[in-house]
Amino acid sequence: MRGDPSWVAAAWTHPLAQVVGVDAEGRLNTSASRIVMLAPTGSYDPQVHHLIGTLGEAPVFATLIEAGDSGLRTVMDSLPDADLQLALTAVGLIGWHRVAGFCPNCGSVTNPSAGGLARRCPSCGLEDYPRSDAAVIVAITDSADRLLLARQPTWPPRRYSVLAGFAEVGESLEQVVHREVGEEVGLELTGIRYLGSQPWPFPRSLMVAFAASALGTELHPAAGEIEDAGWFSRAELLTALESGVVQLPASASISRRMIQAWLAGDLSAESVG
Ligand SMILES: [Zn+2]
């Protein structure tokens, strides 16, 4: 239906229609751990009102607002799943429209199309869609089933996580896993297996999670990229968490789910995905 501009315009005036506001920094408004959605005001403007979809009968739009009160990273742990899914889509879509105003083919100003899920160039006809940058995130264990955790210098103090990195052009995801882990800590891997994935709109990633076994345990952290890296047994990690020496990523992140799954002794697609 989103291909029919008159249907989308009518959806804006639907009595159950709702609007999610996202600001230029990707912040939304939340109240009592729910996303605040408001009834549409004013007339439908396809330049700024982007149809996400329908929740039951209710059309839901996203639009750019002056200022939201909550960054997605800070509220993601407290949002119910349905709200988090909506927030990930709204933040990703609004973030994309902010930077996709010009045709990547000919440079002309583009216009939203398909109810706001795409943009179309009036000069060359190119249809442009929001892209996701593929990134891998990998939980590496050694022969004693210890988990490798590392921290980047730009992270909050004491934050540790599993390794991650972006796919470069022409690479398979498995190649990214080998290259990134080789670059970041100098380990060779075997037994790479898929665990699950998560959209991560900061600004537009799709995190693809893997488990892998390390051939060896010697670590060579890349200067400037990895500030510290080490192997943790379950008991060592629990002690480090209790004392506050190590802090983990947000609960709703796939990195955290991977670490929790390993702590529970079940690093599998069923427990992570
Ligand atoms: Zn063009």
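Colleague: Leaving aside its neighbours within four places in sequence, which residues is V162 in contact with?
Modeller: This is a predicted model, in which local features need pLDDT of at least 70 and side-chain atom pairs count only at pLDDT 80 or more, while totals for chains, interfaces and linings use all residues. Residues are numbered from 1 along each chain as its sequence is written. Two residues are in contact if their C-beta atoms, placed from the backbone, lie within 7 Å. Once the neighbours within four places in sequence are left aside, the contacts of V162 are I137, V138, A139, L149, S255, M258 and I259.

Colleague: Which residues touch the most other members of the largest nonpolar core?
Modeller: A nonpolar core is a set of buried Ala, Val, Leu, Ile, Met, Phe, Trp, Tyr and Cys residues joined through C-beta atoms within 7 Å. A residue is buried if 20 or more other C-beta atoms lie within 10 Å of its own, exposed if 12 or fewer, and partly exposed in between, with the C-beta atoms placed from the backbone. The largest core has 38 residues, and those touching the most other members are V136, V138, A139, I140, V162 and M258.

Colleague: Which elements each supply at least two residues of this core?
Modeller: Helices (H or I, at least four residues) and strands (E, at least two) are DSSP runs, numbered from the N terminus. On that basis, the elements that each supply at least two residues of this core are β12 (133-141), β13 (147-151), β14 (163-166), α4 (173-185), β16 (205-215) and α6 (254-263).

Colleague: In which sense do β12 and β16 pair?
Modeller: Strands of a sheet pair through backbone hydrogen bonds, either parallel or antiparallel. Two strands pair if DSSP finds at least two bridges between them. I137 has A209 in β16 as its bridge partner, and over 9 bridges the sense in which β12 and β16 pair is parallel.

Colleague: Through how many residues does a hairpin join β15 to β16?
Modeller: β15 and β16 pair in the antiparallel sense over 10 bridges, and L189 has A214 in β16 as its bridge partner. The hairpin joins the two strands through 4 residues.

Colleague: What does the domain assignment of the chain give?
Modeller: Domain bounds come from an automatic or database domain assignment. The centres of the two domains, taken over C-alpha atoms, are separated by 32 Å. The assignment gives domain 1 (5-128) and domain 2 (133-272).

Colleague: Which element gives the most to the side of domain 1 that touches domain 2?
Modeller: On the side of domain 1 there are 10 residues in contact with 7 residues of domain 2. Of the residues on the domain 1 side, 6 come from the element that gives the most, and that element is α3.

Colleague: Which residues of α3 are buried?
Modeller: Helix α3 (residues 81-99) has 19 residues and reaches 27 Å from its first C-alpha to its last. That is close to the expected 27 Å, where the expected span is 1.5 Å times one less than the number of residues in the helix. The buried residues of α3 are L86, A87, A90, V91, G92, L93, I94, G95, W96 and H97.

Colleague: Is G116 buried or exposed?
Modeller: G116 has its place in the loop between β9 (111-113) and β10 (118-120). Not counting residues up to four places away in sequence, G116 touches H49, H50 and L51. Because G116 has 22 C-beta neighbours inside 10 Å, it counts as buried.

Colleague: Is S33 buried or exposed?
Modeller: S33 is in the loop between β3 (30-31) and β4 (34-35), and its phi is near 60°, a positive value in a residue other than glycine. Because S33 has 12 other C-beta atoms within 10 Å, it is exposed.
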